[in-house]
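Please keep the sequence and the coordinates at hand while reading.

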Amino acid sequence: MLGLKLATDPRWVNIVESNIEEILTDHAWCEQKAASNAIYIIINNSEKEELVTEMTRIALEEMEHFQMVHNIIKEKGLTLGRERKDNYVNDLVKFAKKDGSRNDALVERLLFAAMIEARSCERFRVLSQNIKDPELAKFYHDLMVSEAGHYTTFLKFSRQYTEKTDIDKRWQEWIDFESSIIGNYGKSETVHG
């Protein structure tokens with residue numbers, strides 16, 4: 001369904017399990033950034049009623065996920081660390097087209113968001129199937145389902161709002177680019193790292 005070319009090596013979970021506080025901190029901030037992205041889309045496209053409604057739902061859901069992760073951190077007696085830089089996302093930002101119309105920028109932003117949600121969904125699947133902590137396994141399974149819904153929402157809106165971008169072609173370019181960089185990741189205890 002996700003169309004990603006390279007799967008995450010399940011051994012990545014061994015790295016994650018060596019520092020649960022780090023993955024949970026990174027995950028919490030990923031949820032905050034996802035909420036901020038949905039708000040950014042609202043701010044820049046306030047006239048698109050259906051988009052604003054759906055991005056509002058996603059922003060609230062992402063902040064609910066932030067709260068859930070924060071609650072797990074507290075329950076485990078851990079500390080929410082400072083916000084981290086996400087090199088994977090920064091690589092995707094560099095790939096995103098910066099030219100074109102305001103509408104082109106919206107479509108590109110939606111594809112960018114879909115890519116992040118697709119990889120997050122895939123990582124949550126790997127965690128849910130391989131992490132030893134049964135509560136975290138269930139938690140990540142539930143989030144995997146949610147991320148898949150966000151992924152399809154962003155792709156749907158990119159198709160709905162495109163004026164001249166061939167979405168299938170551009171999405172394939174995103175998939176190809178992502179496959180060229182993802183081999184650099186999966187070596188640290190972060191969601192995309």
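Is S158 buried or exposed? The model in which this is asked is a predicted one. S158 belongs to helix α6, and its relative accessible area is 0%. Buried means under 20% relative accessible area, and S158 is therefore buried. Once the neighbours within four places in sequence are set aside, the residues in contact with S158 are V107, L110, L111 and I167.

Read from the N terminus, the order of elements is accordingly written α-α-α-α-α-α-α. Of the 193 residues, 51% are buried. Contacts between residues at least 6 apart in sequence can also be sorted by separation, and 84% of them join residues at least 24 apart.

The overall dimensions may be considered next. Along the principal axes, the C-alpha atoms occupy a box of roughly 50 × 30 × 25 Å. A compact globule of 193 residues would have a radius of gyration near 16 Å, and because the chain has 16 Å, the two agree.

The packing of the helices can now be examined. Two packed helices are described by the angle between their axes and by the distance between those axes. For helix α2, residues 20–44, and helix α6, residues 134–161, the angle is about 25 degrees and the axes lie 14 Å apart. Angles under 35 degrees count as roughly parallel, and α2 and α6 are therefore roughly parallel to each other. Their crossing is left-handed. On the α2 side, the contact is made by I20, I23, L24, H27, E31, N37 and I41; on the α6 side, by L136, F139, Y140, L143, E147 and F154. Sorted by class, this contact of α2 with α6 comprises 9 nonpolar, 2 polar and 2 charged residues.

Helix α2 also packs with helix α3. How do the axes of α2 and α3 cross, and within what distance do they come? The crossing is at roughly 165 degrees, and the axes come within 8 Å. Angles over 145 degrees count as roughly antiparallel, so α2 and α3 are roughly antiparallel to each other. The crossing in which α2 passes α3 is left-handed. The residues of this contact divide into 19 nonpolar, 5 polar and 2 charged.

Helix α3 spans residues 49–75 and includes E61. The C-alpha atom of E61 is separated by 9.0 Å from that of E31, although the two residues are 30 residues apart along the chain. E31 is itself one of the α2 residues that contact α6. Apart from neighbours within four places in sequence, E61 is in contact with S146 and H150.

A further pair consists of helix α4, residues 87–95, and helix α7, residues 167–181, whose axes are 11 Å apart and at an angle of about 140 degrees. That angle makes α4 oblique to α7. The crossing of this pair is right-handed. Helix α4 contributes Y88, D91, L92 and F95 to the contact, while helix α7 contributes R170, E173, W174, F177, E178 and I181. The contact of α4 with α7 has 6 nonpolar and 4 charged residues, and no polar ones. I167, named above as a contact of S158, lies within the residue range of α7.

The C-alpha atoms of G3 and D26 are separated by 25 Å, the two residues being 23 residues apart along the chain.

Which residues does E122 contact, leaving aside its neighbours within four places in sequence? They are L2, L4, A7 and T8. E122 itself lies in helix α5, residues 102–130. Because its relative accessibility is 4%, E122 counts as buried. Between the C-alpha atoms of E122 and E54 there is a separation of 22 Å, with the two residues 68 residues apart along the chain.

Methods:
Residues are numbered from 1 along each chain as its sequence is written. This is a predicted model: local features need pLDDT of at least 70, side-chain atom pairs count only at pLDDT 80 or more; totals for chains, interfaces and linings use all residues. Side-chain values use heavy atoms; hydrogens and water are left out. Axes are lines fitted to C-alpha atoms, for helices over the stretch in contact, and angles run from 0 to 180 degrees between N-to-C directions. Helices (H or I, at least four residues) and strands (E, at least two) are DSSP runs, numbered from the N terminus. Angles under 35 degrees count as roughly parallel, over 145 as roughly antiparallel, 65 to 115 as roughly perpendicular and the rest as oblique. A crossing is left-handed if the near helix is turned anticlockwise from the far one by less than a right angle, and right-handed if clockwise. Contact means heavy atoms within 4.5 Å. Ala, Val, Leu, Ile, Met, Phe, Trp, Tyr, Cys and Pro count as nonpolar, Asp, Glu, Lys and Arg as charged, and the others, Gly among them, as polar. The radius of gyration is taken over C-alpha atoms; the globule rule is 2.2 Å times the number of residues to the power 0.38. Buried means under 20% relative accessible area, exposed over 50%, partly exposed in between (1.4 Å probe, protein chains only).
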